[in-house]
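Subject: A structure for you to look through

Hi there,

Here is the structure I promised to pass on to you. Please open it alongside this email and follow along as I go through what turned up.

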Amino acid sequence: YATDEVLQDAPALESVIAQSAREEFDFKLADGIINGSGAGMPMGVVGASGTVSVAKETNQAAATIVAENIDKMWMRIIASSRANAVWYINQDCEAQLASMSLAVGTGGIPVYLPAGGYSAAPYATLKGRPLLPIEQCATLGTVGDIILFDGSQYLVIEKGGVQAASSMHVQFLTDEMTFRFIYRVNGRPWRASAITPFKGSNTLAPFITLDTRS
């Protein structure tokens, strides 16, 4: 609701309200795709039956990400999904990624940072695929904090896009304009279960998570 006086005093408010509503729809849809239960919202990939969750390393410390985690997540994504996959992370994970290294003799090489270290911006890729921080990922150490995600294997259906309407009649006695926004959308992973490859025993999937490290 917005009073007529407010709309007169702030002419851009109506467009701000419309933009904010669409941004909130985008946020909620992304959260549904990642974490949704499927009940009154999209079915998310975290915890879904068609998602593979990789076990942590033996004696791995709580709230950490190590290079072996990344290698094993990459190994479990379907080969045909690698060209489309992106890494989604919670921003809390960035310090862990920056400190990952592989042992080489008595030294080591960085996994995420370029060889020049902090002299240039870190490469925002892992295994050659983009790495994107999003708010919908769980905090560091919890399943869903880092996700290898092939968006082509997630089905989203929408009907009519965002429908916006306004009315001066609903709150006529209080001199308020009413704004209403409706968005009909649903989604779920294409595959209902992980795939057992033609040769090999490790199941594969287009969505890979990392088990909780606690």
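Let's begin with Asn 90, which sits in the loop between strand S3 (86-89) and helix H4 (94-99). Please keep in mind that this is a predicted model. Is Asn 90 buried or exposed? Its relative accessibility is 11%, and because residues under 20% are classed as buried, Asn 90 counts as buried. The side chain of Asn 90 reaches the backbone oxygen of Cys 137 at 2.9 Å. If you set aside the neighbours within four places in sequence, Asn 90 is in contact with Ile 134, Cys 137, Ala 138, Thr 139 and Asp 145.

Which strands does S3 pair with? One is strand S8 (residues 146-149), where the pairing is antiparallel and runs over four bridges. Within S8, Ile 147 is the bridge partner of Tyr 88. Another is strand S7 (residues 129-133), this time in the parallel sense, over three bridges. There, the bridge partner of Trp 87 is Leu 131. As background, strands of a sheet pair through backbone hydrogen bonds, in either a parallel or an antiparallel way.

Next, have a look at an open sheet of three strands, with the order S1-S10-S9 and antiparallel pairing. Strand S1 (2-3) and strand S9 (154-171) are the edge strands, as each pairs on one side only. S9 and strand S10 (residues 176-189) are joined in the antiparallel sense over 13 bridges. To find your way along this pair, look for Ser 167, which stands opposite Thr 178 in S10. Helix H2 (residues 13-35) packs on the sheet and touches S1, S9 and S10. The direction of H2 makes about 25 degrees with that of S10.

With a relative accessibility of 19%, Glu 57 counts as buried, because the cut-off is under 20%. Which residues does Glu 57 touch, not counting those up to four places away in sequence? They are Val 66, Glu 68, Asn 69 and Lys 72. Glu 57 and Lys 72 are 15 residues apart along the chain, and their C-alpha atoms are separated by 9.9 Å.

Finally, here is the chain as a whole. It has four helices and 11 strands. The radius of gyration is 22 Å, well over the 17 Å that the globule rule gives for 214 residues, so the chain is more spread out than a compact globule. Along the principal axes, the C-alpha atoms fill a box of roughly 75 × 45 × 30 Å. Buried residues make up 35% of the 214 residues. Of the contacts with a separation of 6 or more, 71% are between residues 24 or more positions apart. The chain exposes about 12200 Å², with carbon and sulfur atoms supplying 55% of that area.

Happy exploring, and do write back with any questions!

Best wishes

Key: Residues are numbered from 1 along each chain as its sequence is written. This is a predicted model: local features need pLDDT of at least 70, side-chain atom pairs count only at pLDDT 80 or more; totals for chains, interfaces and linings use all residues. Side-chain values use heavy atoms; hydrogens and water are left out. Helices (H or I, at least four residues) and strands (E, at least two) are DSSP runs, numbered from the N terminus. Buried means under 20% relative accessible area, exposed over 50%, partly exposed in between (1.4 Å probe, protein chains only). A polar contact is a pair of N or O atoms within 3.5 Å; within protein, one must be able to donate a hydrogen and the other to accept it, and residues adjacent in sequence count only if both atoms are side-chain atoms. Contact means heavy atoms within 4.5 Å. Two strands pair if DSSP finds at least two bridges between them. Axes are lines fitted to C-alpha atoms, for helices over the stretch in contact, and angles run from 0 to 180 degrees between N-to-C directions. The radius of gyration is taken over C-alpha atoms; the globule rule is 2.2 Å times the number of residues to the power 0.38. Accessible areas come from the Shrake-Rupley method with a 1.4 Å probe; for residues, only the protein chains shown count as cover.
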